[in-house]
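Visitor: I would like to learn how to read a pocket and a sheet in a protein model. Could you take me through them slowly?

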Amino acid sequence: MHFLDQAKVYLQSGAGGPGAVSFRREKYIEYGGPDGGNGGKGGDIVLEAVAGLNTLIDFRYSQHFKAKRGAHGQGKDKTGASAKDLVIAVPVGTQVLSEDKEKVLADFTEVGQREIFLEGGMGGRGNASYKSSTNRAPRQHQPGEPSEEIWVWLRLKLLADVGLVGLPNAGKSTFINAVSNAGAKVGHYAFTTLIPKLGVVRHKGREFVLADIPGLIEGAADGAGIGDRFLGHIERCRVLIHLIDIAGEDPVEAMRVVREELAAYGAELEDKPQLVALNKLDLADAELAEAFSEELLRAGADKVFTVSGASGEGIEGLLDAVLAYLPERTSTETKAVEVEETAEDGGEWSPI
């Protein structure tokens, strides 16, 4: 499994370099005086969100990150070199949590976002800085400030506009393959999807990210099945598509189970808008679909869509409803403005 959404890492900034104790020793210069330079600053620990990453797998093999310390001060008033900052690349959507996972220390939601997480120590003073009218030959110096260190948890919450939820075998993988480029594995057994999948959906000139998470079963909040550990990946979604197998035993019961597990997880997932969709319409007739739709409406669904991920039937209407919940610009949509090129003479364009 190459998908990893949690990792514990150790971070340590660089200590400051110590100041130098030095005196001038030049020919024909008597009582040259102190000339010890200051130490250099230690390196900072910097976290930066970068594009192209969607897993924390790199942190499975490297958990310790230590910035270098500043260089020693030297004679002739030479200040020690400052250490370079240690920049750690993380996927967009990564949260940094305290060791007890009780506090969110940082949240990376945009490409290029940088946070100085631990500051390197300042360099110590050399003996030249202690010279005074009453202390002409000081020998004291500072060792440099110590480094900072901390254990933290990195937790990835994939950035998606729309989340796909439902029981195992509700047809979520087939659906996301039908509307996007996800390429999810499809199988005729429960829990075919073991890790979250992302797909980019393009519909009527709009573009958004759809996230498919492993199926939920009753008791997922208590660890049943794969559990609810992947529900964090839909916390940032604006709307949820709740797929229900029309060929299942009881669609109303299926809706109840998923909704209760969302509520048990918390993070206000149960309050997010849900578009309920009866899937696998190709395996049922119109009369059965209408009867189940009425039952779901009576059970609390605001509106029920009937779709088929296999044949594509009804998908366009469902995606039309999704567009109403999207912002003016999603994270994947380009912000460039198309400009029409026109020539005053009505001919072809020319650089002259």
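Guide: On a 1 Å grid over the protein atoms alone, a pocket is an open set of points with protein on both sides within 12 Å along at least five of seven lines, and its lining residues have an atom within 4 Å of a point. This is a predicted model, in which local features need pLDDT of at least 70 and side-chain atom pairs count only at 80 or more, while totals for chains, interfaces and linings use all residues. Residues are numbered from 1 along each chain as its sequence is written, and side-chain values use heavy atoms, leaving out hydrogens and water.

Visitor: Which residues lie nearest the centre of the largest pocket?

Guide: Val-92, Leu-159, Val-209, Ser-331 and Thr-332 do, out of 25 lining residues. Counting Ala, Val, Leu, Ile, Met, Phe, Trp, Tyr, Cys and Pro as nonpolar, Asp, Glu, Lys and Arg as charged, and the others, Gly among them, as polar, the lining divides into 12 nonpolar, 7 polar and 6 charged residues.

Visitor: Which strand gives the most to that lining?

Guide: A strand is a DSSP run of E with at least two residues, numbered from the N terminus, and S10 gives the most, with 3 residues.

Visitor: What is the order of the strands in the open sheet?

Guide: Two strands pair if DSSP finds at least two bridges between them; here the 6 strands follow the order S10-S11-S9-S12-S13-S14, with mixed pairing. The edge strands, S10 (197-203) and S14 (304-306), each pair on one side only. Further in, S9 (residues 162-165) and S12 (residues 239-245) pair in the parallel sense over 4 bridges, and Leu-164 stands opposite Ile-241 in S12.

Technical notes:
On a 1 Å grid over the protein atoms alone, a cavity is a set of points where a 1.4 Å probe fits but cannot get out, and a pocket is an open set with protein on both sides within 12 Å along at least five of seven lines; lining residues have an atom within 4 Å of a point.
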